[in-house]
Amino acid sequence: MSTTYAPQPGSAPWPRKVLAHARMEFRLLLRNGEQLLLALVIPLGLLLLLGGTGLGDRLPLGDGPAVDLAVPRVLALAILSTSFTSLAIATGFERRYGVIKRLGASPLSRTGLLAGKIGSVLAIQLIQLAVLIGTGFALGWDPAGGFDTVFGVILMVVCGTAAFASLGLLMAGVLRAEATLAAANLLYLLLLVGGAIMTPVEEYPDGLQGVVRLLPSAALANGLANATLEGVVPWAAALSLALWAGVLGYLVSRTFRWD
Amino acid sequence: MPVAVEIDNLVVRYGEKAAVDGLSLTVTGGTVTSVLGPNGAGKTTTVESCEGFRRPDSGRVRVLGLDPVADHERLMPRIGVMLQEGGAWSGVRALEMLRYVATLHAHPLDLPGLIDRLDLGSCGRTPYRRLSGGQKQRLSFALAIVGRPEIAFLDEPTTGLDPHGRREIWQLIRDLRDDGVTVVLTTHGMDEAEQLSDQVFVVSAGKVIAAGSPDVLTEHGTKSLEDVYLALTAPPARETR
């Protein structure tokens with residue numbers, strides 16, 4: 001490298017840009033206590049409560065040992081919190097602070113930005129899943145096991161991340177930062193309570209089941225439950241999440257702006 | 001010298017209001033060009049149109065021969081942008097941000113030299129939200145030039161700097177030009193425009209109302225640029241009964 005300012009413009013290779021962006025977002029999240037609370041402390045606390053105390057036996061989680069029923073649903077909650085709530089809030093404030101604009105004036109590119117964000121989300125989810133699955137085993141979790149279970153969980157993580165990250169990016173693209181903060185937290189709570197995350201669809205009133213079943217949160221949680229409890233690949237849930245990801249991703253591409 | 005920026009009859013509206021209203025200008029490569037004008041005259045919107053952040057309602061903008069909106073991803077590696085404010089995560093450290101942006105470029109400037117030149121070493125580990133206004137300006141300047149751009153768009157580059165800091169930035173802008181970088185800056189500092197510019201455009205109500213070198217505009221130094229500017233942009237006299 002020279003020490004003069006003679007123009008020598010050029011973009012770094014795409015993988016290097018994506019890796020740099022993913023690392024930056026990952027580091028910033030680790031410094032942000034509120035987002036860490038959402039990403040790790042709440043799901044871990046819920047798992048300990050449901051699987052490690054008698055509380056899980058008294059709640060409508062389904063039929064079977066409480067920890068077996070709680071682990072897939074807490075995994076779904078962790079994916080929801082990181083790929084949707086954290087991502088939406090962080091991206092909303094990036095827009096507010098001019099970071100998105102700054103990056104728009106750099107060689108990162110739109111695909112580089114989105115890939116970097118997804119990379120950061122997946123890295124955080126890897127840590128979340130490792131901690132939650134490890135805790136689950138410590139509490140006596142006994143999943144179905146086998147290739148279909150492992151593949152089913154990975155499929156749900158990928159499809160769920162795609163669907164909820166698209167929802168988060170859409171929200172951050174069309175709402176102000178403060179409105180994104182409020183709406184993302186509200187939707188997180190609504191889906192937690194009414195989106196079949198912690199409670200199977202069958203436990204909802206008959207009139208609501210048809211609607212709840214269509215929600216991406218229901219597809220994610222039920223897909224993870226089917227994979228870990230029954231040892232099957234949840235293709236229907238994957239298709240539902242892929243459709244959500246396709247529609248929401250299209251809307252993100254139509255509404256994304258750099259300023 | 002080749003044309004670096006060409007704007008022809010640009011119109012940009014925010015709702016009903018035209019922020020830029022038929023503005024035309026040409027920037028020659030390898031020069032320093034200043035865009036002056038009162039607050040709300042359309043300077044930032046004009047520059048943002050060159051950076052691809054504003055889509056023209058009509059007219060044509062070309063930067064290095066490219067359409068900033070349609071060719072955004074081809075153009076961005078070739079230009080440097082200093083935003084008027086913000087542009088960094090609140091929790092990011094100053095040098096962390098600079099290194100990150102440098103990583104996005106193929107041939108970034110030598111970082112130790114740039115850090116030393118802009119006196120960023122002393123605040124390198126300070127989170128962006130705790131930097132002073134001057135430190136933020138110097139970091140923003142560094143982010144604009146670290147990728148060795150062909151054109152640097154600098155939006156009010158010395159706002160909030162002390163006199164030493166201003167002089168250092170002025171010298172850096174001269175060095176950029178001497179090394180072949182085209183510099184387009186918006187400023188309220190008449191002395192800044194007079195000292196640095198090869199060409200000045202005065203913008204008012206979204207149009208260019210005067211253009212020329214500082215020497216021409218000041219009638220070979222018989223007037224100050226500030227007097228010329230004040231006369232050009234004076235509000236219309238109030239009617240009296």
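Which residue takes a positive phi just after α10(A)? Select A:G231, where phi is about 70°. This is a predicted model, in which local features need pLDDT of at least 70 and side-chain atom pairs count only at pLDDT 80 or more, while totals for chains, interfaces and linings use all residues. Residues are numbered from 1 along each chain as its sequence is written, and chains are lettered from A in the order in which they are written.

Next, select residues 216-230 of chain A, helix α10; helices are DSSP runs of H or I with at least four residues, numbered from the N terminus. From first to last C-alpha, α10(A) reaches 20 Å, close to the 21 Å expected at 1.5 Å a residue, the expectation being 1.5 Å times one less than the number of residues. Of its 15 residues, 14 are buried, that is, with 20 or more other C-beta atoms within 10 Å of their own, C-beta atoms being placed from the backbone.

Then turn to B:A142. Beyond its neighbours within four places in sequence, B:A142 is in contact with B:L98, B:L114, B:L118 and B:L120, contact requiring C-beta atoms, placed from the backbone, within 7 Å.

Finally, display the contact between the chains, with 33 residues from chain A and 37 residues from chain B. Helix α1(A) supplies the largest share of the chain A side, five residues.

Terms used. Helices (H or I, at least four residues) and strands (E, at least two) are DSSP runs, numbered from the N terminus. A residue is buried if 20 or more other C-beta atoms lie within 10 Å of its own, exposed if 12 or fewer, and partly exposed in between; C-beta atoms are placed from the backbone. Two residues are in contact if their C-beta atoms, placed from the backbone, lie within 7 Å.
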